[in-house]
Amino acid sequence: MSGKTKTLDMGSGRRSYTQTMDADERKVEPPKMLRSRAQIATSYAPGVLMTWEGGKGICKAVPYLSEFSPRLSTNVAHTIFEGINEFAANWIKRVQDACPTAPAEFALDDAFYDAMVQTVRINHTDFTLNKPDVVGYLPYPLLYQCGECGSVREFASVSDQAARKLPKKCNGHDARWTQVDVVYVHWYGTLEPLSPFNYTFDDSAQEIRHLRSCTCGWQQFKLKNKAPVFSEWRYVCEGCGESRELKKAEPRVLLKLSLDQQKPDAQQFEWIQVNMLPVSYRASSAFYPQRGSFIELRETTVVQLMSPERREDLLRKLAEIHSIPYDDPSDEEIETALARNGRTDEWEEFVMFRKIVQQRLQRGEDASAPVAEMRRLRERWFAEEIVARGALKSEAIARRVDLRADWARKFDPIRLTAEHAAFIDEHIREGISNHTAVDVMKPDLTLSEHAGVADEMERYRKEVGAVLGKTGIAQMVLLRGLPICEYSFGFTRVSSTPVYEREYQNRQVAMPVRLVAFDRMKNGKRPIYVTQQKNEALYIKLDEARVRRWLLKNGIIDMPPDDVGLGQGYLERYQDFGQFLDRYKDKERQGMPRELAPFVYMLLHSFSHQLIHSLADASGLDRDGIGEYIFPADLAFTIYRKGMTPDLGNISAMWRNHAMDFLRRSIDPRMLRCGSGSLCDSRGGACPACIMVSEVSCGASNLLLSRSVLKGGPAPEWELANSPDIIGYFDRGLDQ
C-alpha cells in the first residue's frame, strides 16, 4: 500500500475506498449462488454480508440481472412503483420531522430523490423489475488479521488482493490469516471494513482525504480485539506503538457537514453524527431490507381511481361501496343544459361513446379508450359550468379524498376500501362461483366429508356457526389461490426505520437513516426484486352490529350515528396513522383518546394475529410463514400462507381435520394469556410470548396491537392516564 494520503473521489457514488472495483474487475461477472426467491429478495439481497458455506469466508451479495419474461402486468408494475414512491415520501417526511436540519440526501439516496427540483422522484427507467432467482457474491470485507500476532492487512479490491496476495510470513512467523468479521456501518447506508485508517476534511482543499498511515508514517497496525466490548478494542501502530480507538468518519456525511458548517449561522455538528459504528457482520443492524406487498387484482380501476384527476369517480365508488347518497346530474338534466348552450352535438357524441363501451364490455374487450372520452367530455362540461358537478353526501369523506395524498399508503382506508371491493368481486364472488373460494358455512367435499349429507351438514353448520357467533365473525371464506405480490427495493443500515435514536452522554440524539436502493446491475439499472405467489388464505369479515356494540361499550368518543355505517364513519374520522405508527408506540403515555379509527384497526389487527397463532398451531405452518392484509373500513382482513414452495393445501387440510379446534383456539382463555407473565396484562399491549408475530409477517410492525381488545384488560399505554379497562370483543355480554 502506498504511504501517501489518498483523496477520496466523492463522485463515485456510494462505494467507499475499499469497495471500489477497478476497470478489469467490472468486466468480470461475480460467481452466482442459488437460494429461494424469498431469501434472495430479503436475507440474501444485494448489500448483505453472509458466510459462504463452501469455506470461502464472509461475502457480500451483489445483484444479477434476471428480468421477467413476459413482463409483469402494467397493473402490478404501477402498484409497485406507486408503493415505492409513497414509501420514500413518507420516509423523508419522518426524517425531516425528527431531524429538521438534516439534508435530504441524508434521508434518501439519488435513486429516490431529485436534488435539482428537491422532490421525491422514482423514475421507472432507472429500475428493473427483477426475478429473485439468482444473486452474485464477492469476498468482503477484504481486511485480514493474523491469528498469531493480530497484525492486519487490507486490500482495495478483489483484483488488488489477487495481485498482491496475503504474505505467508507475518512478523517473522507463519501467518494465519482470517477475515475480520466486524465492520463499520453508518445510518447513511455505508458499509466499510474495520480499517484503522480514518477520513479527514482538508480545509485548504475543501475535500475529504483518506489517511493511509499512522502519524509516524508507518502503515501496518495490529488489532487488539480480545476485550468483550468494541469500546475496549484498539488498533496499535507497529511502528511507534501508538494506540487508537475504533473511530472512523463517514466520508460523505463528514464532507457535507463540514461544508455546511462554513455557512453563516451554521451550527456545529457533533462527531456522533459522523462516526460509523462497529458491528458484527452477522448483526441485523448491518442490513435491513425494505419491502412492500399487496394483493394482486386484475381490475386496473383501483390504481386509476387513486389519481387526482379521477377524484369524482373515486367519490362515486365510495358512495357505491358504503351506500352513501350521491347527487349526480341525470341524463335529462345534462342533455337539457347542453341544448340550452347550443352543444347538442356533444351530447350525441357522449351517447355514442357510451354505446361503444357497452358493446365492448359485452364482447369482453377493453373499453378504457371510450370511457376516457366520456370522462373528458363530462369534465369539460363541469369545468365550463354548463352542468353542475355531482356531490357526495359526506363532506368529511370528500375532504379526506383531498388529504389522502399525504397519508401513509398502507393504512390509507380510501385505497383499501376500493381494493376490498375489487377483492370481493374477483376473489370471493367470482371465486365461489368457479370453486376457487369456499364459504366455510357452505363447504364442499374438500373441506368437509359430510358435504351433501343433510343431517351432517345441519350439525356442522350449528357447531361452526356457534363458534363464529361467539367470536363475532360474520363471514369466513377459504381461498385456494390468493395472488400476493411482494417486492424489495432497497435497504438501510443501523435501523430499519427513518430515525435512529443514539444514546450519548445520557441523552437521546436523533439520527437520520438513509434509504438506499440496491446497487446497479450490468444494464445500469437498479433491481426491484418481485415475488408472486398463489397460496391458500382465509378471509374474515366481522359482524358490524357486534363491532358497534363493542365500540359503544368502550366509550369511543367519535361514534357515528346509528343510521351511518361504520365503514362510512371510519372514512369520515380517519386521521393519518403515519408510515410507522409513531403515535401508538409504547414508550410513554401520550394521552390519546379512544377514537373510532385506531380502535377498529387495533381490533382487526389483534384478531388477525390471534388467528395467525391459532392457524399455525392447528395446521403446522410456521407463524413467520403467515401474512396478513387488513381492510379496516370494511371490518375485514385476510391471513395467508406466504411460502414460495408448492402449496400443499395446509389450510384446507387443517379445516377438514381440525376446524373446530382452530376456531375454539381463537377464544380459548389459555390462548389469550401471555406466556411471559403479567407484563402485557398490566400494560394492555402484546409481546412475543402472546400475539406478536415477526415483523416479516406483520403489516404494522406489531404496533396498534393489544390482547385487551379481545379478552378484556388494561388500556394500552398510548391512551390517557387512568383510562378504564377495555371490554374485550369476545366478552359474552356482547352476545345477542
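Let me begin with a definition: a residue is called buried when its relative accessible area is under 20%, exposed when that area is over 50%, and partly exposed in between, with a 1.4 Å probe and protein chains only. By that definition phenylalanine 106, at 7% relative accessibility, counts as buried, and I will come back to this residue when we reach the aromatic rings.

A word on the model before we go on. What you see is a predicted model, in which local features need pLDDT of at least 70 and side-chain atom pairs count only at pLDDT 80 or more, whereas totals for chains, interfaces and linings use all residues. Residues are numbered from 1 along each chain as its sequence is written, and side-chain values use heavy atoms, with hydrogens and water left out.

Helix H10 covers residues 344-362, which is 19 residues, and it reaches 28 Å from its first C-alpha to its last, close to the 27 Å expected at 1.5 Å a residue, the expected span being 1.5 Å times one less than the number of residues. Which residues of H10 are buried? They are Glu346, Trp347, Phe350, Phe353 and Val357. Seen down the axis of H10, these buried residues fall within an arc of 120°, so they line one face of the helix; the arc is taken from the directions from the helix axis to the C-beta atoms. The face turned away from that buried side carries the exposed residues Asp345, Glu348, Lys355 and Gln362. If we take contact to mean heavy atoms within 4.5 Å, then what covers the buried residues of H10 includes helix H9 (331-340) and helix H11 (368-383). Just after H10, glycine 364 takes a positive phi of about 75°.

Another helix, H13 (residues 413-433), contains threonine 417, which counts as buried at 0% relative accessibility. Leaving aside residues up to four places away in sequence, threonine 417 touches Leu318, Ile321, His322, Leu571, Ala633 and Asp634.

Now to the aromatic rings, for which the rule is that rings of Phe, Tyr and Trp (its six-membered ring) pair if their centres lie within 6.5 Å, with planes under 30 degrees apart counted as stacked, over 60 as edge-to-face and the rest as tilted. How many aromatic pairs does this rule give? The count comes to 37. One of them joins phenylalanine 106 and tyrosine 188 in an edge-to-face arrangement, 6.0 Å centre to centre and with 90° between the planes. Phenylalanine 106 lies in the loop between helix H3 (74-98) and strand E5 (113-114), and tyrosine 188 in the loop between strand E14 (182-185) and strand E15 (191-193), so the pair ties together parts that are 82 residues apart in sequence. Tyrosine 188, with a relative accessible area of 7%, is buried. The rings of tyrosine 729 and phenylalanine 730, by contrast, have their centres 6.3 Å apart and their planes at 50°, so that pair is tilted. Tyrosine 729 is buried at 0% relative accessibility, and phenylalanine 730 is buried at 8%. There is also an aromatic cluster formed by Phe81, Phe87, Trp91, Phe112, Phe127, Phe294, Tyr487 and Phe489.

The charged end of arginine 546 sits over the ring of tyrosine 729, 5.3 Å from its centre, and arginine 35 lies over the face of tyrosine 44, at 5.0 Å from the ring centre.

Turning to the backbone, the peptide bond from serine 69 to proline 70 is cis, with omega near 0°, and proline 70 is found in the loop between strand E4 (57-62) and H3. The bond from tyrosine 140 to proline 141 is also cis, with omega near 5°, in this case in the loop between strand E8 (135-139) and strand E9 (143-146).

Finally, the cysteines. With a disulfide taken as a pair of cysteine sulfur atoms within 2.5 Å, a search of the whole structure finds zero disulfides. Cysteine 216 is in none, and the nearest cysteine sulfur, that of cysteine 237, is 3.7 Å away.

Note on methods. Helices (H or I, at least four residues) and strands (E, at least two) are DSSP runs, numbered from the N terminus. A charge sits over a ring if NZ of Lys or CZ of Arg is within 6 Å of the ring centre and within 35 degrees of the ring normal.
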